[in-house]
Amino acid sequence: MGKKRVLSGMRPTGPLHLGHLVGALSNWVDLQDSYECLFMVADWHALMSEYENYEKLRDYIYDNVIDWLACGVDPEKAVIFLQSEVKEHLDMYMLFSILTPLGWLERCPTYKEQLQNLKTRNIQTHAFIGYPVLQAADILIYEAEVVPVGEDQIPHLELAREIVRRANYHFGLNLPEPQPLLTQVPRLPGLDGRKMSKSYGNVINLSEEEGAIRKKVSKMITDPERIKRSDPGHPEICSVYLYHKVFSQDEVKNIESACRAAQIGCVECKRRLADRIVERLAPIKDRRRYYLGHMDDVQAILESGARRAREIASSVWAKVRRQIWGED
Ligand code: TRP
Ligand code: SF4
């Protein structure tokens, strides 16, 4: 009792990778004890951009949930559910759509960026421009106050707060203004130094085989000015170093000074990083294997999660209906 409510979500558009582990899942696991947590598979959001490949949706949903469980998201503590299984999201979405000026959505930086980047897909649709409206509904149908997200989602949270203010003002509601909770860990770049993204092929998946991990790490881009083994390195511009900061916390100081003094070579440095990643992923992969053999458990977790989510969502929606429609 008395714990603040957290809601977060992920779109099931492909296998999860180290970026999801470091940027979101470790954080979710840490929040489970101090907050009432709801973790949602945003399958409607996935369909908005991936409807041309909808056949893969089901597999990605299960694969992602298995990764969440394998990383330590605990169904005894947190509610794990599918967005599309709780209809009240769409009620709230419609209500919010009524109040959201098109200009707010057209100006949203993530929308403009996606139109530029996803040229291969037809996302000039009614639903896609409303993406942040559904996201606001996801949060407010649970009256969640805290939303752990990456920096890229900040504009969506800002929009959600504006929409809530409008809804409270127009309809005399009393919905909370949700606050983002940013992860402390610095964002990992992709293996090639660009933004980490599965479409660039610069990621290590949580299910990656050891051989593939070692191969990928050995090809990572390092300090371009360090050509000979005897050249001193600049860890601050090297992606391998950024990864060590996250995966080798107890050793990272040594690595930094050894690199600057040319006491360690890049090959050795990468070998150590690969060891760390392999070590970190080993228990996750074991648990993944367990759940892959126990799909009934996964199914049951999603069913009981949806039941609990519906309880909360239907009571929030009942309040809204009473306020606007005057019904009991
Ligand atoms: N847009 C989020 C992302 O791509 C996913 C998401 C959907 C979400 N609904 C949400 C995140 C509600 C937080 C809260 O990462
Ligand atoms: Fe990067 Fe390590 Fe090479 Fe230094 S030694 S440049 S940190 S890979």
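These legends cover close-up views of a predicted model. Local features need pLDDT of at least 70, side-chain atom pairs count only at pLDDT 80 or more, and totals for chains, interfaces and linings use all residues. Side-chain values use heavy atoms, without hydrogens and water.

**View 1. The shell around ligand 2.** Thr222, Asp223, Arg226, Cys238, Val240, Tyr241, Cys259, Cys266 and Cys269 surround ligand 2 (a heavy atom within 4 Å). Helix H11 (239-247) and helix H13 (266-292) each supply at least two residues of this shell; helices are DSSP runs of H or I, at least four residues, and strands are runs of E, at least two. The shell divides into 6 nonpolar, 1 polar and 2 charged residues. Ala, Val, Leu, Ile, Met, Phe, Trp, Tyr, Cys and Pro count as nonpolar, Asp, Glu, Lys and Arg as charged, and the others, Gly among them, as polar.

**View 2. Glu52 in its loop.** Glu52 lies between helix H2 (43-50) and helix H3 (57-70). Glu52 counts as partly exposed because its relative accessibility is 43% (buried is under 20%, exposed over 50%, partly exposed in between; 1.4 Å probe, protein chains only). Beyond neighbours within four places in sequence, Glu52 is in contact with Arg121 and Asn122 (heavy atoms within 4.5 Å).

**View 3. Glu143, a non-glycine with positive phi.** Its phi is about 50 degrees. Glu143 is in the loop between helix H8 (131-140) and strand E4 (146-149). Glu143 is partly exposed, at 22% relative accessible area.

**View 4. Ala262, a non-glycine with positive phi.** Here phi is about 55 degrees. Ala262 is in the loop between helix H12 (252-260) and H13. Ala262 is buried, with a relative accessible area of 16%.

Notes. Residues numbered from 1 in each chain as written. Chains lettered and ligands numbered in written order.
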